[in-house]
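Subject: Handover of the model

Hello,

Here is the structure I promised to pass on. Please open it first, then read my notes below.

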Amino acid sequence: PAGAGALRSTIGDLAKWQAALFAGKVLKPDTVKQMTAPGKLKDGSVIDTAPANPRAGAEVRHDAYAFGLMVGTAEGETDIGHSGSIQGFNAELDTFPKSRVTVVALVNTDGRGATELERAVAKVVLQNGGPVR
């Protein structure tokens, strides 16, 4: 199977993409700012990505959906990214702009393995002062 739009990537390429996106090399900084602003419905409420029927015991995050990205908080920081899955594969890509940290997880399994792995790695990295230089 292939991902949405038949896209395939690697952890390294996804990290490079995020670095280029947030450095203004892909889009103008004003466009990135607009792209990462939470989307709103006609009634003014923010578009929430939390599942309507969460899995028992699962962490439920209430991120806002922006222009193709999810925007929320994790470890006290703004967290911008996206996840995706198809049968047998799942992915999580998140950037923490304040700390200049991007965490990518690609997992060959069903479920939320990539999200759980990404959250665990982000927690350790952010609690220990950010990226390793």
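Buried here means a relative accessible area under 20%. Arg119 has a relative accessible area of 16%, so Arg119 is buried. Please keep in mind throughout that this is a predicted model.

**Overall layout**

The protein chain has three helices and five strands. Along the sequence they come in the order α-α-β-β-β-β-β-α. Of the 133 residues in the protein chain, 31% are buried.

**The salt bridges around Arg119**

I would start with this part. How many salt bridges does a search of the whole structure find? The search finds four. A network of salt bridges links Asp79, Glu92, Asp94, Glu118 and Arg119. As background, side chains of opposite charge can pair when their charged atoms come close.

Arg119 lies in helix H3. Here are its partners in turn.

- Asp79: this residue forms a salt bridge with Arg119, and the closest N and O atoms are 3.2 Å apart. Asp79 sits in strand S3 (residues 77-86) and Arg119 in helix H3 (residues 113-127), so the bridge ties together parts that are 40 residues apart in sequence. Asp79 has a relative accessibility of 1%, so it counts as buried.
- Glu92: a salt bridge joins Glu92 to Arg119, with 3.7 Å between the closest N and O atoms. This pair also links distant parts of the chain, with Glu92 in strand S4 (residues 89-96) and Arg119 in helix H3, 27 residues apart. Glu92 is buried, at a relative accessible area of 6%.
- Glu118: the side chains of Glu118 and Arg119 meet in a salt bridge at 2.7 Å, N to O. Both Glu118 and Arg119 are buried.
- Asp94: a polar contact of 3.5 Å joins the side chains of Asp94 and Arg119. Asp94 is also part of the salt-bridge network.

**Helix H1**

Does the length of H1 agree or disagree with what its residue count predicts? Its twelve residues should span 16 Å at 1.5 Å a residue. The end C-alpha atoms are 17 Å apart, which agrees.

Which way do the buried residues of H1 point? Gln18, Ala20 and Leu21 are buried in H1. They cover an arc of only 165 degrees around the axis, so they lie on the same side of H1. In general, an α-helix has 3.6 residues a turn, so residues three or four places apart point the same way.

Ala19 is also in helix H1. Ala19 is partly exposed, with a relative accessible area of 48%. Ala19 and Arg100 are 81 residues apart in sequence, yet their C-alpha atoms are 8.8 Å apart in space.

Most residues other than glycine have a negative phi. Two residues are worth a look on that account.

Arg100 is not a glycine, but its phi is positive, at about 55 degrees. Arg100 lies in the loop between S4 and strand S5 (101-107). At 65% relative accessibility, Arg100 counts as exposed.

Glu75 also has a positive phi, near 55 degrees, and is a residue other than glycine. Glu75 is in the loop between strand S2 (70-74) and S3. Its relative accessible area is 38%, so Glu75 is partly exposed.

Which residues make the nonpolar surface patch of about 240 Å²? Trp17, Val26 and Leu27 do. Val26 lies in the loop between helix H1 (11-22) and helix H2 (29-35). With a relative accessibility of 34%, Val26 counts as partly exposed.

**Where to look first**

Begin at Arg119 in helix H3. From there, follow the network through Asp79, Glu92, Asp94 and Glu118. Then turn to H1, with its buried residues Gln18, Ala20 and Leu21. Finish with the loop residues Glu75 and Arg100, and the patch made by Trp17, Val26 and Leu27.

Best wishes

Terms used. Residues numbered from 1 in each chain as written. Predicted model: local features only at pLDDT ≥ 70, side-chain atom pairs only at ≥ 80, totals over all residues. Heavy atoms only, no water. Helix = DSSP H or I, 4+ residues; strand = E, 2+ residues; numbered from the N terminus. Buried < 20%, exposed > 50% of the residue type's maximum accessible area, 1.4 Å probe, protein only. Patch = residues over 30% accessible without salt bridge, like charges linked within 9 Å, V, L, I, M, F, W, Y side chains within 5 Å. Areas by Shrake-Rupley, 256 points an atom, 1.4 Å probe, with all protein chains shown as cover. Polar contact = N/O pair within 3.5 Å; in protein donor to acceptor, adjacent residues only side chain to side chain. Expected span 1.5 Å × (residues − 1). Arc of directions from axis to C-beta.
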